[in-house]
Amino acid sequence: MNTEQFWGHLDNLFQRNEIDKVEPYLLGELEKAKEAEDYPAYIVIGNEMIGFYRSVSQFKKAFDIAEDVLLLLEELQLENSEHFATTLLNAATAYRAAGELGPAYKYYLQVLQIYEGLLPKDDYRFAGLYNNMSILLEQMNENEKAAELSKKALSIVCVLENSEAEQATTLTNLALLYFKMNKPGEASKALEEALGLFEATGGEQTDAHYSAALAGVGEAYFRIGDYENSLLSYEKALSEVKKHFGENQSYGILCENCAAVCECLKDKEKAEYYRKNVEEIYSRIGLQQ
C-alpha cells in the first residue's frame, strides 16, 4: 500500500467534509490489502475503520472490524505487540462510546499490560490510555480513580512540546471530575487553566479533541450556573462535531445538553428546537432516548 497516498486521500475526504465517501473508500482499500495479503496495510486500514465507525455511531461495524483485526494479529503471533495494543485501544474506545463499559474496561486493562511491558513510563501513549480509562471510570462512577488517572495523564503531557490542546482537554476532564467530587475550588482552578491554554492556541485545534473539550467546558459552566457561556460552548462543540463527523450520536447528546441549558435560560422555543433535533438524529441512527 502507498501509505502517503492512502492518508492523503483520506485526509482530503475529511477536509472536504465528504463523510459519505469515507466508508466506501476504506472498504475498497481493505479489500485491496486482503487480496494482496498485505497484512500491515490491512491492520492499519482496519484500525482506521474502527475509529471512523465509532465516530459515526455505527458501533456494530466497529466491533466486527476490531475482532477481525485482532484475530489476524493473533494468527501472526503479535498478541504482545504495539499493534495489538493499538487495536485493543481503538476497540475499547468504541465499546465505551456504545455504552458497553465491561468490554471496554477489559480491553483497556489489556492495553495497559502490554504498554507496561513495552514502553517507558513517561511515554505519551500512556497519557492517551489514562485519559480514556479516566473517562470510562467516570462513567462507572469511580470518580476518585478517574481523577488519579487524569492527573497521571497530565503529568506526562505537560512536559511534551506543542501539547497545549491535550493539556487543556485533560484539565477540562479533571475539572468535571472535581465538580462531581464536590471540590468546586479545584474544579474552577483546573477549568481556568484549561481555558487559558485554549486561548493561547487561538482556539484553532479543530479536531475531535477540541470538540470534546468544548463540550467539557460547556458542562463545567453549566455546573457553576453560567448558562449563557455553557450554551455558547456547547454550540461551538456542535459545530465542530457536525463539521468532522456529521450528526452522529455525540451530536445528539450535545443537542440534549443544549436543550437543557435553554430550559435554564427560559428559552423554551430554542429548547424545543434542540429536542426535535435529538428525536430526528436518534431515530435515524436507531437509538432510543
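The largest nonpolar core of this predicted model contains 96 residues, among which Leu26, Tyr108, Tyr115 and Leu129 touch the most other members. Such a core is a set of buried Ala, Val, Leu, Ile, Met, Phe, Trp, Tyr and Cys residues joined through side-chain atoms within 4.5 Å; buried denotes under 20% relative accessible area, exposed over 50%, and partly exposed in between (1.4 Å probe, protein chains only). Helix H4 (residues 59–75) supplies the largest share of this core, nine residues. Helices are DSSP runs (H or I, at least four residues), numbered from the N terminus. Beyond its neighbours within four places in sequence, Leu26 is in contact (heavy atoms within 4.5 Å) with Phe6, Leu10, Ile45, Glu48, Met49 and Phe52.

Residues are numbered from 1 along each chain as its sequence is written. In this predicted model, local features need pLDDT of at least 70 and side-chain atom pairs count only at pLDDT 80 or more, whereas totals for chains, interfaces and linings use all residues; side-chain values use heavy atoms, with hydrogens and water left out.

Tyr178, in helix H9 (residues 164–180), counts as buried because its relative accessibility is 8%. Excluding residues up to four places away in sequence, Tyr178 touches Lys151, Lys183, Glu186 and Ala187.

Asn17 lies in the loop between helix H1 (3–15) and helix H2 (22–35) and is partly exposed, at 41%. Glu37 is in the loop between H2 and helix H3 (39–55) and is exposed, at 56%.

The mean pLDDT (the predictor's confidence in each residue, from 0 to 100) is 90 for the protein. Confidence is lowest in helix H11 (residues 208–223), with a mean of 77, and highest in H4, at 97.

Key. Helices (H or I, at least four residues) and strands (E, at least two) are DSSP runs, numbered from the N terminus.
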